[in-house]
Amino acid sequence: MIEAPAPLPAQDSTVPRGAVLRRGIRANPLLVAGAAGSALILLVALLAPLLAPFPGDAGTATHPLLVLRPPSAQHWFGTDNVGRDVCSRVLYGARISPLIAVIVLLIATVLGIPLGVMAGYFGGWLDEVIMRVTDIFLAFPPLLLALAFAAVLPTSLTTVIIAIAITWWPWYTRLIRGQAASVAGRPYIEACRALGISRWRILVRHILPNSITPLLVQISFDVGGVILTASALSFLGLGAQDPTPDWGLMVAEGQGYFTTAWWVVTFPGLAILFTAFTFNLFGDGLRDLLDPKRTFL
Amino acid sequence: MIVYAARRIALAVLVIAGVLVLTFVIARVVPGDPAATWAGPHASAAQVAAARKFLGLDRPPAVQLLSYLGGVLAGNWGVSVHTHQPVLSDIGTAAPASLELVTAALILAVLVGVPLGLVAARWPDGLLDHSIRAGAILGVSMPVFWMALILQLVFSQRLHLLPAAGEFSPGLLFTHPLARHTGADVVDALITGNWPMFGSTLTHLVLPAIVVAAYPCGLIARIVRAQVLDTIGETHVQMARALGFRERSVYGRFAMKLAWNPVAATLALVFGYSLVNTFLVEAVFDWPGLGSYAAASIAALDTPATLGVTLFIALVYVVANLVVDIVQAAIDPRIRLR
């Protein structure tokens, strides 16, 4: 059956692309806010040693005479249970969560893309096997599987990264497999095959680049999700250990002093919320801009 | 329809088998020697060897896997290291409180999320729409463990409006003892007409339910908005408008009708997700459910209990998705013909 060509989006040819993009951005203030917030966090991560009033407090420093001081001009966010400046630790924390997210998403893409493209393009038993394996991983809520892995591995940040990455790749395999399967049926791929181009070359040069856009959008949207998952694992004591200024860990440590010293828990938690929020705003806006049809999930 | 349901069930059975294999693999990932852990730090080499034989760890992995599968199917989920009870009976004791909490949270999420999504779709790209979308994204960006602590601090420690922890005021057990039927305290108090207890359980439910509802509420608002915007231009909705129905009915009745399906699918997905979120919330509110049990098991390095809860939630998740798929196919023939 011949499919009718999809109608092209109405586009005024006299309007330059830049203007279209600008209009899209103006209609999407949330994207701009998300991009600005994300940039701010990356800046803080980069400049933490310059911004932090007490850089030493990000590590093993203790100040027995400054324990659990409320916020003041000197310690904007107060001090924690061993007298460290909470503000300095929160600023240094910006170096941890986003980094975890980047590494996790990198591993998940490196695992997920080849499997997904192969399943989608080659089809047959390979497709069946790969997809049934992803079915099993997707039968767990993501945080649960990461928790199970993290609970049996030795506690460290590396464990957090491995545990989340193992949980995350099947989503990408599934997404890119659908794209690759639809691209594989297009006439230009058939033309490539008729020209005698090898299967692997078609896969890498034609299928992959044409099926990757939705994945890129999804990845930008997942940064916030990975940050939340990682902070949850740290909160449960499965991630970073004490001197590390990890936000989730800081909330867990402050929990015991919470009724008397609210600041120890409040500021690291706000940092998690702000970071996840801005990255999610950015990913959400990006998806709207690039892929207006898929506006949810 | 029957063919579709049968295929879907067969697939779910396959997935459950895979889930069992995966949990078995995770259990065997444990660094160190489970036999040595089991035997204790002062055991002699001979005692460790005896423990290994007793635990069946000297058999080939395939045989171990088969006996694990057989055990799980027969209801033998291992013994918890920290409660010294069979894991399955621990789960049975803890599950009703968690199911109660998650159900309350999802009801709350629908009651708040659906109207918000409708309002956002009614005036798209306005200030209200942008605020609701930002709010929805804020909801899905919330570190729930932190939100739990903050709400507890503000509403019970400082404002004294709501109780801080537990399922009811323990003092009531003396004046109005609670008869156990379902294990879900709100339901038990309601069906036995125990009104003081009912009031107490409801007020204790408010804060944890709000925290667990944050994520699903944001998700539902976004889905409703997208779905309603998608269908509002369709002819049957235009027809309703042409027939003179008020805008409120056009959105709330006719356009919303097609959005209930994706909302139901999302609820099934989010049910499992929220059960996991209870791991982070229940301990804060001292809620005696699966989450508290799981958090305690993780802290005690109690692998059988941790994996038991993992397995239980994965099974709930698979079954919930299966049920929604079949119900949706029954309602909407386009799904089963796809």
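Guide: Two residues are in contact when their C-beta atoms, placed from the backbone, lie within 7 Å. The model is a predicted one, so local features need pLDDT of at least 70 and side-chain atom pairs count only at 80 or more, while totals for chains, interfaces and linings use all residues. Residues are numbered from 1 along each chain as its sequence is written, with chains lettered from A and ligands numbered from 1 in written order.

Let us look at the meeting of the two chains, with helix 12 of chain A as our guide. The contact draws 43 residues from chain A and 44 residues from chain B. On the chain A side, at least two residues each come from helix 2 (29–51), helix 5 (124–138), helix 6 (142–152), helix 10 (213–235) and helix 12 (262–290). Sorted by class, the side of chain A that touches chain B holds 31 nonpolar, 9 polar and 3 charged residues. (Nonpolar: Ala, Val, Leu, Ile, Met, Phe, Trp, Tyr, Cys and Pro; charged: Asp, Glu, Lys and Arg; polar: the others, Gly among them.)

Helix 12 of chain A also packs within its own chain. Its axis lies 7 Å from that of helix 2 of chain A, at an angle of about 135° (axes are lines fitted to C-alpha atoms, for helices over the stretch in contact, with angles from 0 to 180 degrees between N-to-C directions). Helix 2 and helix 12 of chain A are therefore oblique to each other (under 35 degrees is roughly parallel, over 145 roughly antiparallel, 65 to 115 roughly perpendicular, the rest oblique). Helix 2 of chain A brings Leu30(A), Leu31(A), Ala33(A), Gly34(A), Ala35(A), Gly37(A), Ser38(A) and Ile41(A), and helix 12 of chain A answers with Thr275(A), Thr278(A), Phe279(A), Leu281(A), Phe282(A), Asp284(A), Gly285(A), Leu286(A) and Leu289(A). That contact has 10 nonpolar, 6 polar and 1 charged residues.

Another partner of helix 12 of chain A is helix 3 (residues 86–93) of chain A, with axes 10 Å apart and an angle of about 25°. Helix 3 and helix 12 of chain A are therefore roughly parallel to each other. Val86(A), Val90(A) and Gly93(A) of helix 3 of chain A meet Trp263(A), Val264(A), Phe267(A), Pro268(A) and Ala271(A) of helix 12 of chain A. The residues of this contact are 7 nonpolar, 1 polar and no charged.

Now the chain around these helices. Chain A comes to 12 helices and 0 strands, and 46% of its 297 residues are buried (buried: 20 or more other C-beta atoms within 10 Å of the residue's own, C-beta atoms being placed from the backbone; exposed: 12 or fewer; partly exposed: in between). Of the contacts in chain A with a separation of 6 or more, 71% join residues 24 or more positions apart.

Across in chain B, which has 16 helices and 0 strands, buried residues make up 40% of 338. The C-alpha trace of chain B spans about 85 × 55 × 40 Å along its principal axes. Ala314(B), in helix 15 (residues 303–331) of chain B, is worth a stop. With 25 other C-beta atoms within 10 Å, Ala314(B) is buried. Beyond neighbours within four places in sequence, Ala314(B) touches Ala139(A), Phe140(A) and Leu144(A), as well as Val19(B). Its C-alpha atom is 9.5 Å from that of Leu20(B), 294 residues apart along the chain.

Helix 15 of chain B also runs alongside helix 13 (residues 260–285) of chain B: their axes come within 9 Å and cross at roughly 175°. The two are therefore roughly antiparallel to each other. Residues making the contact include Ala268(B), Phe271(B) and Leu275(B) of helix 13 and Ile313(B), Tyr317(B) and Val324(B) of helix 15. The contact counts 12 nonpolar, 4 polar and no charged residues.

Finally, a word on confidence. Chain A has a mean pLDDT (the predictor's confidence in each residue, from 0 to 100) of 84, with 90% of its residues at 70 or more. Within chain A, confidence is highest in helix 4 (residues 97–122), at 92, and lowest in helix 1 (residues 17–26), at a mean of 67. Where pLDDT is low, predicted coordinates should not be read in detail.

Methods:
Helices (H or I, at least four residues) and strands (E, at least two) are DSSP runs, numbered from the N terminus.
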